[in-house]
Amino acid sequence: MCFPLMLSLCALLSPQGRVQLPLVPGNTTTRVDASGVWEKGTGLDEQILLKERADGSLLGYVAGTPGLYLVGGSRQGTDVILDFEGEDGGGTYDAGTFTGTLTREQLVGFFDDGSGPFPVTLVRSSAQLVEEHWLLIEA
């Protein structure tokens, strides 16, 4: 008599409300996380820091470019969308959208700034992210 009661309680003990990260294509055990530092090509001139939340939304910023920032991002499965805005002193402008596919070490897709999409490959960086902040005071 106790066995059916225990089986009915198992559903209460299972994790609920958690989103499972998608599996790496071709691999049944490793899950991919978009969190980390991503760079364009092999240079350190453009780095994007991303943090993935449990619901698939992405937070982040573009290192070293205070006039360009990430306003929204999402991931569903291996599909990633990053929306950027910028500010150039004349106000805010739509800087463009990156749409791509996430693999373990790359984000491969297209960036469209309104002039038409062009291919972009972001590589997961193993370099440490270093950013300096300066405070200039006029005396």
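This is a predicted model: local features need pLDDT of at least 70, side-chain atom pairs count only at pLDDT 80 or more; totals for chains, interfaces and linings use all residues.
## Before we start

Local features here need a pLDDT of at least 70, side-chain atom pairs count only at pLDDT 80 or more, and totals for chains, interfaces and linings use all residues. Residues are numbered from 1 along each chain as its sequence is written, and side-chain values use heavy atoms, with hydrogens and water left out.

Let's begin with the strands (DSSP runs of E, at least two residues, numbered from the N terminus). Eight of them make an open sheet in the order β3-β2-β1-β8-β7-β6-β5-β4, with antiparallel pairing. To count as paired, two strands need at least two DSSP bridges between them. At the edges sit β3 and β4 (68–76), each pairing on one side only. From one strand to the next, the twist averages 25°; the axes behind such angles are lines fitted to C-alpha atoms, and angles run from 0 to 180 degrees between N-to-C directions.

Start at β4, which is joined to β5 (residues 79–87) by eight bridges. Here Gly 72 has Asp 83 of β5 as its bridge partner. Next, nine bridges hold β5 and β6 together in antiparallel fashion, with Phe 84 opposite Gly 96 of β6. These two strands form a hairpin with four residues between them, and Gly 89 in the turn has a positive phi of about 95°.

Moving on, β6 meets β7 (residues 106–112) over six antiparallel bridges, and a hairpin of three residues joins the two. Leu 102 faces Leu 107 of β7, and Leu 107 also stands opposite Leu 122 in β8. There are seven bridges between β7 and β8. Their hairpin has four residues between the strands, with Gly 114 in the turn at a positive phi of about 105°. Finally, three bridges link β8 to β1 (residues 36–40), where Lys 40 is partnered with Leu 122.

## Side chains that meet

Which phenylalanines do ring pairs link into a cluster? They are Phe 84, Phe 111 and Phe 118. A search of the whole structure turns up two aromatic pairs (Phe, Tyr or Trp rings, the six-membered one for Trp, with centres within 6.5 Å; planes under 30 degrees apart are stacked, over 60 edge-to-face, and the rest tilted).

Side chains of opposite charge can pair when their charged atoms come close. The search finds one salt bridge (a Lys or Arg side-chain nitrogen within 4 Å of an Asp or Glu carboxyl oxygen). Its partners are Glu 52 and Arg 75, at 3.2 Å from N to O. Glu 52 lies in β2 and Arg 75 in β4, so the pair ties together parts that are 23 residues apart in sequence.

## The largest pocket

The largest pocket has a volume of about 330 Å³. On a 1 Å grid over the protein atoms alone, a pocket is an open set of points where a 1.4 Å probe fits, with protein on both sides within 12 Å along at least five of seven lines. Points are joined across faces, edges and corners, and the volume is the space filled by probe spheres set on them.

Its lining (residues with an atom within 4 Å of a point) has 16 residues, and Lys 40, Glu 46, Ile 48, Leu 68 and Phe 111 lie nearest the centre. Two or more residues each come from β2 (47–52), β3 (58–63), β6 (92–102) and β8 (117–124), and β8 gives the most, with three. By class, the lining has 11 nonpolar, two polar and three charged residues. Here Ala, Val, Leu, Ile, Met, Phe, Trp, Tyr, Cys and Pro count as nonpolar, Asp, Glu, Lys and Arg as charged, and the others, Gly among them, as polar.
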